[in-house]
Amino acid sequence: MLIPKSLKELQIQIQSLSNELSACKNIEKQHQRLNGMLHKEIDKLKKEIFDLKKENTMHKENLQAELIRSMKK
């Protein structure tokens, strides 16, 4: 009688672990999806920073040119 009870307990434990494994796999999939979204956002922000730096350089060059013109007058 002791053996069938142990088998039933093992089956319950196996089912519980199987459910836990499924939950962990779902969490991993969500993590990968969110990680991908974060990398896309980071790439977008890096491009925006690059464009702003380029624009800033152009403004600096224009201001320097204006300053040189005003000093020549």
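## Basis and overall fold

Helices (H or I, at least four residues) and strands (E, at least two) are taken here as DSSP runs, numbered from the N terminus. On that basis the protein holds one helix and zero strands. The radius of gyration, taken over C-alpha atoms and compared with a globule rule of 2.2 Å times the number of residues to the power 0.38, is 31 Å for this protein, well over the 11 Å that the rule gives for 73 residues, so the chain is more spread out than a compact globule. Along its principal axes, the C-alpha trace spans about 110 × 15 × 5 Å.

This is a predicted model, in which local features need pLDDT of at least 70 and side-chain atom pairs count only at pLDDT 80 or more, while totals for chains, interfaces and linings use all residues. Residues are numbered from 1 along each chain as its sequence is written, and side-chain values use heavy atoms, with hydrogens and water left out.

## Distances along the helix

A23, which has its place in helix α1, is 22 residues from L45 in sequence and 33 Å from L45 in space, C-alpha to C-alpha. G36 also has its place in helix α1, and its C-alpha atom is separated by 51 Å from that of S70, 34 residues apart along the chain. E55, likewise found in helix α1, lies 13 residues from I68 in sequence and 20 Å from I68, again C-alpha to C-alpha.

## Surface and exposure

Residues are called buried under 20% relative accessible area, exposed over 50%, and partly exposed in between (1.4 Å probe, protein chains only). Buried residues make up 0% of the 73 residues in the protein. Among the residues named above, G36 is partly exposed at a relative accessible area of 32%, A23 counts as partly exposed at 39%, and E55 is partly exposed at 42%.

Accessible areas come from the Shrake-Rupley method with a 1.4 Å probe, and for residues only the protein chains shown count as cover. The protein exposes about 7,500 Å², of which carbon and sulfur atoms supply 62%. Patches are made of residues with over 30% relative accessible area and no salt bridge, like charges being joined within 9 Å and nonpolar side chains (Val, Leu, Ile, Met, Phe, Trp, Tyr) within 5 Å. One nonpolar patch on the surface is formed by L7, L10 and I14, which together have about 310 Å² of accessible area; L7 is found in helix α1, which covers residues 2–72.

## Charges and salt bridges

Lys and Arg count as positive and Asp and Glu as negative, whereas His and the chain ends are not counted; the place of a charge is taken as NZ of Lys, CZ of Arg, CG of Asp or CD of Glu. The mean positions of the 15 positive and 10 negative charges of the protein are 2 Å apart.

Side chains of opposite charge can pair when their charged atoms come close. With a salt bridge defined as a side-chain nitrogen of Lys or Arg within 4 Å of a carboxyl oxygen of Asp or Glu, the structure holds two salt bridges. In one of them K44 pairs with E41, with the closest N and O atoms 4.0 Å apart; K44 and E41 are three residues apart in helix α1, and so are separated by about one helical turn. E41 counts as partly exposed, at 35% relative accessibility.

D51 forms a salt bridge with K47, where the closest N and O atoms are 2.9 Å apart. D51 and K47 both lie in helix α1, four residues apart, which is about one turn of the helix. D51 counts as partly exposed at 30% relative accessibility, whereas K47, at 52%, counts as exposed.
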